[in-house]
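The sequence and structure are shown first.

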Amino acid sequence: MFPLTILPFVILGYLSGSVLFAPIWAKAFHKGDIIEKAKDRNPGASNAFTYGGLWCGILTLICDVLKGMIPIRLFLTFGTYSDVTPCTDVAFAFVLAAPVIGHAFSIFNSFNGGKGIATTFGCLIGLVPIFQPLFFMAISFIFFSLILKISPHLYRTAISYLTTLIALCIFGLKTNMVALPIGFIFITVAVMYRLHRSPEEREEIEVNLAWKH
């Protein structure tokens, strides 16, 4: 049975994630509608930097990370759970995934949103001192960006999420922290859906070793 004490934190996480800061900061800096300007129509930090400028991008990135991190930290601080760690409770998976689902399906933007990469990192930062999930995702993006370079970014993102998911499944099984892989499955599905629906042109995937260039 889903514990009702967790529901407020799921709702809080979803509403937090639903706030799309890229268009908010773009409007504050008088940069126009950056979602319409962007090829992928993604209201995220990357397009905030590209079409809104440095400060618009920095503030969007910080806010997108915080809107994932804060709901997780609030739950870990004030939430109630019966086990040693909430990560062993399947219900915590919904708390973990809620901010990213909110970003991908924003209630404030007709259930349209962005890919949620920065918000995913924020959720994983919120888990610290359980640092392994953050480490897995950071290493995945670094590896496929700087060592075995995958382009364009759409495919690099997809493969990085799938690699992180595999690592988390192994880690979750070994530590009994089943909420982590389950929550990241929800996150990955939301991100993959947004990548699939992205209007950006599907370029041919390229895989190159960094030292070959």
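## Packing of H5 and H7

Helix H5 (residues 54-78) and helix H7 (residues 117-125) have axes that come within 7 Å and cross at roughly 40 degrees. That makes H5 oblique to H7, where angles under 35 degrees count as roughly parallel, over 145 as roughly antiparallel, 65 to 115 as roughly perpendicular and the rest as oblique. The crossing of the two, H5 and H7, is right-handed; a crossing is right-handed if the near helix is turned clockwise from the far one by less than a right angle, and left-handed if anticlockwise. Axes are lines fitted to C-alpha atoms, for helices over the stretch in contact, and angles run from 0 to 180 degrees between N-to-C directions. Helices (H or I, at least four residues) and strands (E, at least two) are DSSP runs numbered from the N terminus.

On the H5 side the contact (heavy atoms within 4.5 Å) is made by Leu-61, Asp-64, Val-65, Lys-67, Gly-68, Met-69 and Ile-72, and on the H7 side by Ala-118, Thr-119, Gly-122, Cys-123 and Ile-125. The contact of H5 with H7 has 7 nonpolar, 3 polar and 2 charged residues. Ala, Val, Leu, Ile, Met, Phe, Trp, Tyr, Cys and Pro count as nonpolar, Asp, Glu, Lys and Arg as charged, and the others, Gly among them, as polar.

## Model and numbering

This is a predicted model, in which local features need pLDDT of at least 70 and side-chain atom pairs count only at pLDDT 80 or more, while totals for chains, interfaces and linings use all residues. Residues are numbered from 1 along each chain as its sequence is written, and side-chain values use heavy atoms, with hydrogens and water left out.

## Packing of H1 and H5

H5 also packs with helix H1 (residues 7-18): their axes come within 8 Å and cross at roughly 165 degrees. That makes H1 roughly antiparallel to H5. The crossing of H1 and H5 is right-handed. Phe-9, Leu-12, Gly-13, Ser-16 and Gly-17 of H1 meet Lys-67, Pro-71, Leu-74, Phe-75 and Phe-78 of H5. By class, this contact of H1 with H5 has 6 nonpolar, 3 polar and 1 charged residues.

## Packing of H8 and H9

Helix H8 (residues 132-147) and helix H9 (residues 153-175) pack at about 145 degrees with axes 9 Å apart, and H8 passes H9 in a right-handed crossing. H8 contributes Gln-132, Pro-133, Phe-136, Met-137, Ser-140, Phe-141, Phe-144 and Ser-145 to the contact; residues from H9 include Arg-156, Tyr-161, Leu-168 and Phe-171. The contact of H8 with H9 divides into 10 nonpolar, 7 polar and 1 charged residues.

## Pockets

The largest pocket has a volume of about 720 Å³. On a 1 Å grid over the protein atoms alone, a pocket is an open set of points where a 1.4 Å probe fits, with protein on both sides within 12 Å along at least five of seven lines; lining residues have an atom within 4 Å of a point. Grid points are joined across faces, edges and corners, and a volume is the space filled by probe spheres set on the points. Of the 30 lining residues, Asp-40, Asn-42, Ser-46, Lys-115 and His-153 are the closest to the centre of the largest pocket. Helix H4 (45-52), H5, H7, H8 and H9 each supply at least two lining residues, and H4 gives the largest share, 6 residues. This lining has 11 nonpolar, 10 polar and 9 charged residues.

The second largest pocket holds about 250 Å³. Its 14 lining residues include Asp-40, Arg-41, Gly-113, Arg-194 and Pro-199, which lie nearest its centre. By class, the lining of the second largest pocket has 3 nonpolar, 6 polar and 5 charged residues.

## Backbone geometry

Val-128 and Pro-129 are joined by a cis peptide bond, with omega about 25 degrees. Pro-129 lies in the loop between H7 and H8. Ser-110, in the loop between helix H6 (92-104) and H7, has a positive phi near 55 degrees.
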